[in-house]
Amino acid sequence: MAYWLFKSEPSTWSWDQQVAKGAEGEEWDGVRNYQARNFMRQMAVGDRGFFYHSQKDKAIVGIVEVCAEAHPDSTTEDERWECVDIKAVRPFTIPVTLDQIKVDERLDEMVLVKNSRLSVQPVSDAEWQVICDLGQTKSD
């Protein structure tokens with residue numbers, strides 16, 4: 001299993017909206033960055049990810065799971081753009097803020113710290129565990 005981070009502005013797509021989609025999940029559409037698209041092409045059904053609220057909150061608020069591998073993005077007819085579908089798994093008991101992540105030496109190499117603008121990014125096994133511990137949620 002690989003781990004990822006999905007960033008969304010809560011005013012555009014929030015954790016509550018993701019949860020409301022239930023087991024069928026929702027396309028992670030609208031990504032127009034080649035690196036982020038390429039990461040989605042690497043994802044497999046069952047991979048887990050952090051759901052990160054950008055803008056004001058700047059915090060990881062829950063865990064999602066990839067429920068459909070990369071496929072054409074339905075929001076465009078441009079064949080270059082693909083997306084995966086994700087579903088909510090569980091919320092964090094305590095959201096893990098960007099400020100917390102930036103001051104934790106164990107997370108110094110995290111893509112979120114080094115390239116915070118990338119909307120879809122990989123997360124290492126070690127980073128996954130640290131953040132799950134901070135958010136007081138199970139890491140499975």
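Select L5 first. In this predicted model, L5 has a relative accessibility of 0% and therefore counts as buried, the cut-off for that class being under 20%. The residue belongs to strand β1, which spans residues 3-8.

Next, display the surroundings of L5. Beyond its neighbours within four places in sequence, L5 is in contact with F50, Y52, I60, M110, L112, S119, V120, Q121 and V123. For a distance across the fold, pick the C-alpha atoms of L5 and T93: these residues are 88 apart along the chain, and the two atoms are separated by 18 Å.

Now extend the selection to the whole of β1. Is this strand mostly covered or mostly open? Mostly covered: six of its six residues are buried. In a regular strand, side chains alternate between the two faces of the sheet. Colouring β1 by face places Y3, L5 and K7 on one side, with W4, F6 and S8 on the other. Both faces are covered, as every one of these residues is buried.

Proceed to the partners of β1. Strands of a sheet pair through backbone hydrogen bonds, in a parallel or an antiparallel manner. Both arrangements can be inspected here:

- Towards β3, six bridges join the strands, which run parallel.
- Towards β6, four bridges join the strands, which run antiparallel.

From β3 (residues 48-53), step across to β4 (residues 59-72). Six bridges link this antiparallel pair. Select H53 to find its bridge partner in β4, A59.

In what order do its strands lie? The order is β2-β5-β4-β3-β1-β6, in an open sheet of six strands with mixed pairing. At the edges stand β2 (26-27) and β6 (120-123); each has a single partner strand, so one side of each is left without a neighbour in the sheet.

Finally, select helix α5, residues 125-134. Its buried residues are E127, W128, V130, I131 and C132. Which elements do they pack against? The buried residues of α5 pack against β1, β3, β4, β5 (82-97), α3 (98-103) and β6, which returns the view to the strand where the tour began, β1, the location of L5. A last stop lies just after α5, where Q136 takes a positive phi of about 55°.

Methods
Residues are numbered from 1 along each chain as its sequence is written. This is a predicted model: local features need pLDDT of at least 70, side-chain atom pairs count only at pLDDT 80 or more; totals for chains, interfaces and linings use all residues. Side-chain values use heavy atoms; hydrogens and water are left out. Helices (H or I, at least four residues) and strands (E, at least two) are DSSP runs, numbered from the N terminus. Buried means under 20% relative accessible area, exposed over 50%, partly exposed in between (1.4 Å probe, protein chains only). Contact means heavy atoms within 4.5 Å. Two strands pair if DSSP finds at least two bridges between them.
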